[in-house]
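Look over the sequence and the fold below. Then read the short report that follows.

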Amino acid sequence: MADLAVSLLSADFSCLEKQLQELKEADVKWLHIDVMDGNFVPSISFGFPIVKTLRKAFSGVFDVHLMIQEPIRYIKEFAESGSDMITIHLEACEDVEATLRWIRECGCKAGLAVNPHTPIEEVYPYLHLTDMVLAMTVQPGFGGQKYIHSVTKKVETLHKYLNENGFDSVLIEVDGGICLETALEAADAGSDILVSGSSVFKGNIGQNVHDLLEAMNHS
Ligand code: DX5
Ligand code: ZN
């Protein structure tokens, strides 16, 4: 069964406490926190002080997506701020292997993300150091974009490779453009965790969470 990770990027920060409460009431287990540095991606979002503060208000999985150049410089701070999963971009690291190892040494699960146009085969050499592969289904940097359908094929390829090569414990996450129309396509391809931001926070949060979970698990 696929599960939902809610991206905070589209939350209303003026009433964040209330929105987090609604997520808890909807039984959301994963909170996806998008960290952007204005360098690897054009936008800037939030850093580890925010993660640390949020930790007091949400007890589920903190799924921290680092869209930053050379993330190895900041892993320790994000680990100490309460991250559970730290995902780095393959395209942003000079030494992917050292970065993944460092995440685990800091006590977190290690995620490896690839942009929509990066071949999925590029993650294969790192799977023994990886707890989750994140296939971006939009260009990283902004919420509210459209799902890039060609990534579905990459997820299928990865899912097959993981199963055939003894990596079935590695999770697959997709991120970007997940809504009622795209959730099933992504889940059917083999995704375990679907990230959604704008489709959760537009309108009634509890209802949206319920509908998305139903859409991704409705075969
Ligand atoms: C994009 C972020 C996503 C984004 C998803 O760079 O990594 O997590 O917030 O937002 P939606 O669901 O609106 O595409
Ligand atoms: Zn993200």
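Is histidine 65 buried or exposed? Histidine 65 is buried, because 27 other C-beta atoms lie within 10 Å. A residue counts as buried if 20 or more other C-beta atoms lie within 10 Å of its own, as exposed if 12 or fewer do, and as partly exposed in between; C-beta atoms are placed from the backbone.

## About the model

This is a predicted model: local features need pLDDT of at least 70, side-chain atom pairs count only at pLDDT 80 or more, and totals for chains, interfaces and linings use all residues. Residues are numbered from 1 along each chain as its sequence is written, while chains are lettered from A and ligands numbered from 1 in the order in which they are written.

## Annotated sites

UniProt, in an unreviewed entry, places the feature "active site" at Asp34 and Asp175. They span 142 residues in sequence, yet no two of their C-alpha atoms are more than 10.5 Å apart, so they gather at one spot. The unreviewed UniProt entry also places the feature "binding site" at His32, Asp34, His65 and Asp175. These residues are spread over 144 residues of sequence, but they cluster in space, with a largest C-alpha distance of 10.5 Å. UniProt positions follow the numbering used here, feature names are shortened, and annotations may be inferred rather than shown by experiment.

Histidine 65 sits in strand S3 (residues 61-67). Strands (E, at least two residues) and helices (H or I, at least four) are DSSP runs, numbered from the N terminus.

Aspartate 34 lies in strand S2. Aspartate 34 is buried, because 24 other C-beta atoms lie within 10 Å. Setting aside neighbours within four places in sequence, its contacts are Ser7, Leu9, Ser45, His65 and Met67. Aspartate 175 belongs to strand S7. Aspartate 175 counts as buried because it has 27 C-beta neighbours inside 10 Å. Not counting residues up to four places away in sequence, aspartate 175 touches His65, Leu134, Met136, Thr137 and Val195.

## Strand S8 and its partners

Which strand does S8 pair with over 4 bridges? Strand S1 (residues 3-7) pairs with S8 in the parallel sense. Two strands pair if DSSP finds at least two bridges between them. Leucine 4 has leucine 194 in S8 as its bridge partner. Strand S7 (residues 171-175) also runs parallel to S8, joined by 3 bridges. There, aspartate 175 stands opposite valine 195.

In a regular strand the side chains alternate between the two faces of the sheet. In S8 (residues 193-196), Ile193 and Val195 point one way, Leu194 and Ser196 point the other way, and all are buried.

## Around ligand 1

Ligand 1 is surrounded by 22 residues, and the closest are Ser7, Leu9, Gly143, Gly197 and Ser198. Strand S2 (30-36), S8 and helix H7 (198-201) each supply at least two residues of this shell.

Technical notes
A residue is near a molecule or strand if its C-beta atom, placed from the backbone, lies within 6 Å of it. Two residues are in contact if their C-beta atoms, placed from the backbone, lie within 7 Å.
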